[in-house]
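The exercises below are to be worked with the sequence and the 3D structure in view. Each task is followed by a solution in steps.

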Amino acid sequence: MQLKTYSARSTSAVLAQIKDELGPDAVILDTNEEDGVVTMTAALERKYGGGWVAPEKEPVMPRASAMTQRAYTDTTEVVSQERMAVREAALFPRAVDGQATWQEEWSTIKDYLMALMKPALGIDKLPTRQRLAMEFIQREGVNDEALLALYAKLRDDATASILTGLSEIVHVLPWGTQEWTQSIHLLAGPFGSGKTSIAVRMALALRAAEPALRICMINADAGRGNGRLLLRHYSELSELGYKEASTTMELVGAVNMAERERFDRIFIDLPGLSRGKFLASLLTDSGLGEKDVAVHLTLAPYYGLTAMKDLTARYAVPCAGSVVWTKLDETEHYGQIVNVALRTGLPVSCLSFGAGLGSSLVSAHQNMLWKLLFKRELPG
């Protein structure tokens, strides 16, 4: 079967594209309209005699529906396999010379399955309250995989709240000294995600809870001048320890020195990863993966679906601790919070918004997340 997606400014224009390329026998599997752009996924089945023609006897949609019932009866198992793939992605180097890795191949197959399954889900048959909530979060950027997981939780209970289903997908572990006892906390994420300011804010939050706590900040992103000056400046103002490391060996030395100086908590501001690089390699080279470490992935919700898939794969490590959502005040839609939670299985620890260091970071609670998602309401 040939599957292809077409986009244009109007439905008639998309249908014309499909007819020109696949012919009049093409079957429309999915239709979506967003920001004035109509997107359709069409399919045409190949016969062994050659050429792309429609099936003569068995229609496409009933077969997709049967496949949905067979392959996705247990949604939890599918989600677990996907999370395993993401967590293991950092352990396998990317293929070169244009050859896809097994993770990329699985992602392609999964996208095709989702395109086939979506029309057969029967979301329109849900009770009005559930259906409207599902349609709303879809418009907010929640992807098909998360919608499928939610649908599996709602289809057997007409009275179930969508918030109950979302709570089973998006977990929260609030930032604090009682919940996060690890001695070393690494702030990881793409360039520009706000790791440096988040490191300071998280350290100050612990200091506010326990004034006697001895905290050391390590700048492992010493090549970036502004971040370096910011971290050093606020560390000195807040009477926090401060060290720098521009290489892996220097990072090892800085961590060992901070441990010898008996700091209670060590925060490490890691540099962003260049294309094709994996966080697991850095932790292995530095030996940090063997220590009492929690990695906090700092992300902004405005990253696209493709970029977010790549980021969560490259930053996946066994000692991953949480997701810290940053720049919430710069974002219009928050569906990626659900997508990343489903993809990684990581809890949300902190929510960050605003430019200042004071009152701009809060420990996460699920009510805050739902207000973001459904009301676009920032904490506080």
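Predicted model: local features only at pLDDT ≥ 70, side-chain atom pairs only at ≥ 80, totals over all residues.

**Exercise 1.** Which residues of helix H7 (residues 162-169) are buried, and what caps the N-terminal end of H7?

Solution. 
- Step 1: Pick out the buried positions of H7: Ile162, Gly165, Leu166 and Ile169.
- Step 2: Look down the axis of H7. The buried residues fall within an arc of 100°, so they line one face of the helix.
- Step 3: Turn to the N-terminal end. The cap of H7 is serine 161, with a side-chain oxygen 3.1 Å from the backbone nitrogen of leucine 163.

**Exercise 2.** How many aromatic pairs does a search of the whole structure find? Describe two of them.

Solution. 
- Step 1: The search finds 4 aromatic pairs.
- Step 2: One of them joins phenylalanine 136 and phenylalanine 374, with 5.8 Å centre to centre and 15° between the planes. Planes under 30 degrees apart count as stacked, so this pair is stacked.
- Step 3: Phenylalanine 136 is in helix H5 (residues 128-139) and phenylalanine 374 in helix H14 (residues 366-375), 238 residues apart. Phenylalanine 136 is partly exposed at 22% relative accessible area, and phenylalanine 374 is partly exposed at 26%.
- Step 4: Another pair is tryptophan 175 with phenylalanine 267, edge-to-face, at 6.1 Å centre to centre and 70° between the planes.
- Step 5: Tryptophan 175 lies in the loop between H7 and strand S4 (184-188), and phenylalanine 267 in strand S7 (residues 265-269), so the pair ties together parts 92 residues apart in sequence. Both residues, tryptophan 175 and phenylalanine 267, are buried.

**Exercise 3.** Over the face of which residue does arginine 214 lie?

Solution. 
- Step 1: The ring is that of phenylalanine 263, and arginine 214 is 4.4 Å from the ring centre.

Definitions and conventions:
Residues numbered from 1 in each chain as written. Heavy atoms only, no water. Buried < 20%, exposed > 50% of the residue type's maximum accessible area, 1.4 Å probe, protein only. Helix = DSSP H or I, 4+ residues; strand = E, 2+ residues; numbered from the N terminus. Arc of directions from axis to C-beta. Polar contact = N/O pair within 3.5 Å; in protein donor to acceptor, adjacent residues only side chain to side chain. Phe/Tyr/Trp six-rings, centres within 6.5 Å; stacked < 30°, edge-to-face > 60°. Lys NZ or Arg CZ within 6 Å of the ring centre and 35° of its normal.
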